[in-house]
Amino acid sequence: ESMCETISRGDKRGNMDKAELKNFLLIYDKIKDAIETGKEYAYIRRCNRKQKIMFPEWLYKLPDYIEDILKSEDNPLFTYIIRESMIFGKTDSKVLQELPLSESSFYRYKRQFENRLYDLFIVEGYVSREEIFSTKITE
């Protein structure tokens, strides 16, 4: 699926997937204000055009989940990475330049953050059993 296509497929419980979460995280800095004010959609510029992004029901939990994860971690580098790259929209290379951290550690932190978010959505019932088993562990 192209990054320029609509990224929201479902808004019912049990209807989200990890790829959809990752796509929303990529544009989170552009849509977070609209999410936090309860809007149903936002317009963003992507791929040289204005695009309407519809918000699924589960997305309104994302700001709280992000803050919960950041509060639960005591590593200032981790908190800095997530705030700068995902919340404020800095490029990964820009954030990496500012930190005494290897590239592999940087991306490991981001991947663990995404996994923790996904775990929270699983606990809340937004991810179906079928979706969980559709991704193979060995791939």
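Let me start with a definition: buried means under 20% relative accessible area, exposed means over 50%, and partly exposed is what lies in between. Keep that in mind for Cys47. Its relative accessible area is 42%, so Cys47 is partly exposed.

One caution before we go on. This is a predicted model.

Now the overview. The protein has 139 residues, and 40% of them count as buried. It holds seven helices and two strands. Read from the N terminus, the order of elements is α-α-β-β-α-α-α-α-α. Next, contacts. Take those with a separation of 6 or more: 56% of them join residues 24 or more positions apart.

Let's go to the helix pairs. Start with α1 and α2. Their axes come within 6 Å and cross at roughly 90°. Who makes the contact? From α1 it is Phe24, Leu25 and Leu26, and from α2 it is Tyr28, Asp29 and Ile31. Sorted by class, the contact of α1 with α2 has five nonpolar residues, no polar ones and one charged.

Next pair: α2 and α3. Helix α3 covers residues 62-72. The two pack at an angle of about 115°, and their axes are 10 Å apart. Angles from 65 to 115 degrees count as roughly perpendicular, and α2 and α3 are therefore roughly perpendicular to each other. On the α2 side we have Tyr28, Ile35 and Glu36. They meet Leu62, Pro63 and Ile66 of α3. The class count for the contact of α2 with α3 is five nonpolar, no polar and one charged. Note Tyr28: it takes part in the contact with α1, and it takes part in the contact with α3.

On to the strands. β1 runs over residues 41-46, and Arg46 is in it. Is Arg46 buried or exposed? It is buried, with a relative accessible area of 10%. Arg46 and Ile27 are 19 residues apart in sequence, and their C-alpha atoms are 9.3 Å apart in space.

Then comes the loop between β1 and β2, where we find Cys47. Asn48 is in that loop too. Strand β2 itself is 49-54. Here is something to look at on the backbone. Most residues other than glycine have a negative phi. Cys47 is not a glycine, yet its phi is positive, at about 55°. Asn48 is not a glycine either, and its phi is positive at about 60°. How accessible are they? Cys47, as I said, is partly exposed at 42%. Asn48 counts as exposed, because its relative accessibility is 77%.

Glu84 is in helix α4. At 14% relative accessibility, it counts as buried. Setting aside neighbours within four places in sequence, Glu84 is in contact with Gly89, Lys90 and Val95. Look at Val95 in particular. Glu84 and Val95 are 11 residues apart along the chain, and 6.8 Å separates their C-alpha atoms.

The second one is Glu131. Find it in helix α7, residues 129-134. Its relative accessibility is 18%, so Glu131 counts as buried; the cut-off is under 20%. Which residues does Glu131 touch, not counting those up to four places away in sequence? They are Met16, Asp17, Lys18 and Tyr118.

Last stop: the largest pocket. Its volume is about 260 Å³. It is lined by 15 residues. Nearest its centre lie Leu25, Leu26, Met86, Asp92 and Lys110.

Which helices each supply at least two residues of the lining? They are α1 (18-26), α2 (28-36), α4 (76-87) and α6 (103-123). Of these, α6 gives the most, with four residues. And the classes? The lining has four nonpolar, three polar and eight charged residues.

The crossing of α1 and α2, at roughly 90°. The loop between β1 and β2, with Asn48 and its positive phi of about 60°. And the largest pocket, with its 15 lining residues. Thank you.

Notes: Residues are numbered from 1 along each chain as its sequence is written. This is a predicted model: local features need pLDDT of at least 70, side-chain atom pairs count only at pLDDT 80 or more; totals for chains, interfaces and linings use all residues. Side-chain values use heavy atoms; hydrogens and water are left out. On a 1 Å grid over the protein atoms alone, a cavity is a set of points where a 1.4 Å probe fits but cannot get out, and a pocket is an open set with protein on both sides within 12 Å along at least five of seven lines; lining residues have an atom within 4 Å of a point. Grid points are joined across faces, edges and corners, and a volume is the space filled by probe spheres set on the points. Ala, Val, Leu, Ile, Met, Phe, Trp, Tyr, Cys and Pro count as nonpolar, Asp, Glu, Lys and Arg as charged, and the others, Gly among them, as polar. Buried means under 20% relative accessible area, exposed over 50%, partly exposed in between (1.4 Å probe, protein chains only). Contact means heavy atoms within 4.5 Å. Axes are lines fitted to C-alpha atoms, for helices over the stretch in contact, and angles run from 0 to 180 degrees between N-to-C directions. Angles under 35 degrees count as roughly parallel, over 145 as roughly antiparallel, 65 to 115 as roughly perpendicular and the rest as oblique.
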